[in-house]
Amino acid sequence: MTDLDAAAAPAAHDAFAEPTRRVGAGWIAAFASAWLGIWMAQLTPVQLLLPAQIDARLHPDDWIESVVAFGVVSGIAAVFVIVAYPLTGALSDRTASRFGRRRPWIAGGALLFAGALVLLGLQTQLWAIGAAWVLATIGFCVMTAALTATISDQVPVGQRGFVSGWMSAPQAVGIIAGLLLVTMVVTGAAAGYAVVAGALVLLAVPFLFVPDARLDAGERARVTARHVVASLWISPRRHPDFGWTLLSRVLVSIGNALGTGLLLYFLMFGLGDANAEDDLIVLTLVYMVFVILASLGFGRLSDRLGRRRLFVFLAALLQGLAALLLAVAPGLGTAMTAAGLLGLGYGCFLSVDQALATQVLPDPASRGKDLGIMNIATAVPQSIGPLLGALAVAATGSFTPVFVLCAAFTFAGALAVSRVRSVR
């Protein structure tokens, strides 16, 4: 029996049961491969391709115009994230195909995401760049809403911290691999977008062979617009731990987006770095190393100790400390130290907070939809953060308020997660 067979999903009538069989190395490898492709395709544009493309299109006399334009494009995409994540998660909960509940959405989302990226690389008008990025963002949401739900579907609670680490560790590898590809292997925006789109599809393929739970037609809840819209509201009064976990994720994710979303602009215009793109790769490499170490190490330790809140709390504090360093003493050396602290904190947060989120879901029959709502709390801040940062830069002409805001949001996120009671 292969690792993938050993990790076979529950039979149709057990699709809503808590999983008890540990997933094997083959399942984890395929899962990590898919996330590597996702992060490469999502974060390479955010960190380099998209801001550079917008700046090249505008050629502004004042660099702040370019920062604001990037923030606005990111902010518009955030509106679509709010709808796409829970909607596609809810639809995957109710999918009764012979290919399973999640796989059709993973495959379809990957193709939409990749196709939109290729289209994005061909655009020269700002409105068209924004429209193509929105389409790519929707594809990202469709794919990741279904993929995230497989953790609750197939991974037992005692293994979720470690497995979630394999969702977050590839984020760091994906950033650096993507940056190296688009700066050293290919040249031009169109080629850069095309190569990360191709990598996304290729790396997602192995997970499509992982067994997936199937619903019988009789088990599938009727899908109506009214029911889906009504299900998007989860009362924080009835489910306070879900509410506090969601709030904590929103706050910490906004903080992280503020700390990383304008990094290229910070190097170029805040520090006057003549080698900004090369130094961005070095900073990302430092960040990557600590994200990988933290996500896998703390994820496994969290499983062994059976504790989640403490790790999430400390992870948020570390990120806030990194931001304060940049606010107080901006410089390339400080940025290197901050990158390590931010990677350590965010790597821990990504793996352990994901495990925490799966343990506070209100209803096992709506895991995809509920985790889709949780995913909004990660994806929307990635779009809102650059907009907030751009507004702060435009108002003050300085990047210092950006890092102060980053620290404030992450410290608030630490306080929010301390209110969770049902999970240690």
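The second largest cavity in this structure has a volume of about 30 Å³, where a cavity is a set of points, on a 1 Å grid over the protein atoms alone, at which a 1.4 Å probe fits but cannot get out. This is a predicted model, in which local features need pLDDT of at least 70 and side-chain atom pairs count only at pLDDT 80 or more, while totals for chains, interfaces and linings use all residues. Residues are numbered from 1 along each chain as its sequence is written, and side-chain values use heavy atoms, with hydrogens and water left out.

**Cavities**

- Rolling a probe the size of a water molecule over the atoms shows where empty space is left.
- The count comes to 2 cavities of 30 Å³ or more, with grid points joined across faces, edges and corners and each volume taken as the space filled by probe spheres set on the points.
- The second largest cavity is lined by Leu258, Gly259, Thr260, Leu262, Leu263, Phe266, Phe399, Val402 and Phe403, lining residues being those that have an atom within 4 Å of a point.
- Two or more residues of this lining come from each of helix 9 (240-260), helix 10 (263-270) and helix 15 (400-417), helices being DSSP runs (H or I, at least four residues) numbered from the N terminus.
- Helix 9 gives the most to the lining of the second largest cavity, namely 3 residues.
- By residue type, the lining of the second largest cavity holds 7 nonpolar, 2 polar and no charged residues, where Ala, Val, Leu, Ile, Met, Phe, Trp, Tyr, Cys and Pro count as nonpolar, Asp, Glu, Lys and Arg as charged, and the others, Gly among them, as polar.

**Nonpolar surface patch**

- Leu310, Leu314, Leu317, Leu324 and Phe411 make a nonpolar surface patch of about 370 Å², with areas taken from the Shrake-Rupley method with a 1.4 Å probe and, for residues, only the protein chains shown counting as cover.
- Such a patch consists of residues with over 30% relative accessible area and no salt bridge, in which nonpolar side chains (Val, Leu, Ile, Met, Phe, Trp, Tyr) are joined within 5 Å.
- Helix 12 (residues 309-328) gives the most to the nonpolar patch, with 4 residues.
- Leu324 lies in helix 12, and Leu324 counts as partly exposed because its relative accessibility is 34%, given that buried means under 20% relative accessible area, exposed over 50%, and partly exposed in between (1.4 Å probe, protein chains only).

**Salt bridges**

- Side chains of opposite charge can pair when their charged atoms come close.
- There are 5 salt bridges in the model, a salt bridge being a side-chain nitrogen of Lys or Arg within 4 Å of a carboxyl oxygen of Asp or Glu.
- Asp93 and Arg102 meet through their side chains in a salt bridge of 3.0 Å, N to O, and both Asp93 and Arg102 are buried.
- Arg102 also forms a salt bridge with Asp153, whose closest N and O atoms are 2.7 Å apart.
- This second pair links distant parts of the chain, since Asp153 is in helix 5 (residues 126-154) and Arg102 in the loop between helix 3 (63-93) and helix 4 (103-121), 51 residues apart.
- Asp153 counts as buried at 3% relative accessibility, and Arg102 counts as buried at 0%.
- Asp353 and Arg249 are joined in a salt bridge of 2.7 Å, N to O.
- Asp353 lies in helix 13 and Arg249 in helix 9, so this pair ties together parts that are 104 residues apart in sequence.
- Both Asp353 and Arg249 are buried.
- Asp93, Arg101, Arg102 and Asp153 belong to one network, joined by salt bridges that share partners.

**Separations between residues**

- Thr148, placed in helix 5, is buried with a relative accessible area of 1%, and Thr148 and Trp35 are 113 residues apart in sequence and 9.8 Å apart in space, C-alpha to C-alpha.
- Ala114 lies in helix 4 and is buried at 8% relative accessible area, while Ala114 and Leu126 are 12 residues apart in sequence and 20 Å apart in space, C-alpha to C-alpha.

Note on methods: On a 1 Å grid over the protein atoms alone, a cavity is a set of points where a 1.4 Å probe fits but cannot get out, and a pocket is an open set with protein on both sides within 12 Å along at least five of seven lines; lining residues have an atom within 4 Å of a point. Patches are made of residues with over 30% relative accessible area and no salt bridge: like charges are joined within 9 Å, nonpolar side chains (Val, Leu, Ile, Met, Phe, Trp, Tyr) within 5 Å.
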